[in-house]
Amino acid sequence: MTEIDPGAGAAAESGPDQERRARARKRLDDAGAKVTAEARTESREQVRDLMGWS
């Protein structure tokens, strides 16, 4: 079986492209963290309601 090199044939990214991708990745990670935090808060509120702790 032949291994596929994901970088094979792809042009090397230039500095500005790498920086743009890094900023986009950070925004996506930050947004994901915010959604996770909101979901956890909502879950805690639901548990409090169900258990009668609110």
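Arg 20 counts as partly exposed, because its relative accessibility is 45% (partly exposed lies between buried, under 20% relative accessible area, and exposed, over 50%, with a 1.4 Å probe and protein chains only). This is a predicted model, in which local features need pLDDT of at least 70, side-chain atom pairs count only at pLDDT 80 or more, and totals for chains, interfaces and linings use all residues. Residues are numbered from 1 along each chain as its sequence is written, and side-chain values use heavy atoms, with hydrogens and water left out. The protein chain has 1 helix and 0 strands.

**Helix H1**

- Helices (H or I, at least four residues) and strands (E, at least two) are DSSP runs, numbered from the N terminus.
- Helix H1 covers residues 15-51, which is 37 residues.

**Salt bridges**

- The structure holds 2 salt bridges (a side-chain nitrogen of Lys or Arg within 4 Å of a carboxyl oxygen of Asp or Glu).
- One joins the side chains of Arg 20 and Asp 17, at 2.8 Å from N to O.
- Both of these residues, Arg 20 and Asp 17, lie in helix H1, 3 residues apart, about one turn of the helix.
- Asp 17 counts as partly exposed, because its relative accessibility is 30%.
- Another joins the side chains of Asp 30 and Lys 26, at 2.9 Å from N to O.
- Asp 30 and Lys 26 are 4 residues apart in helix H1, so about one helical turn separates them.
- Asp 30 has 42% relative accessibility, so Asp 30 counts as partly exposed.

**Surface**

- Of the 54 residues of the protein chain, 0% count as buried.
- The accessible surface of the protein chain comes to about 5,300 Å² (areas come from the Shrake-Rupley method with a 1.4 Å probe; for residues, only the protein chains shown count as cover).
- Carbon and sulfur atoms account for 54% of that surface.
- Val 47, Leu 50, Met 51 and Trp 53 make a nonpolar surface patch of about 500 Å².
- Patches are made of residues with over 30% relative accessible area and no salt bridge; like charges are joined within 9 Å, and nonpolar side chains (Val, Leu, Ile, Met, Phe, Trp, Tyr) within 5 Å.
- Met 51 lies in helix H1.
- Met 51 is exposed, because its relative accessible area is 52%.

Key:
The expected span of a helix is 1.5 Å times one less than its number of residues.
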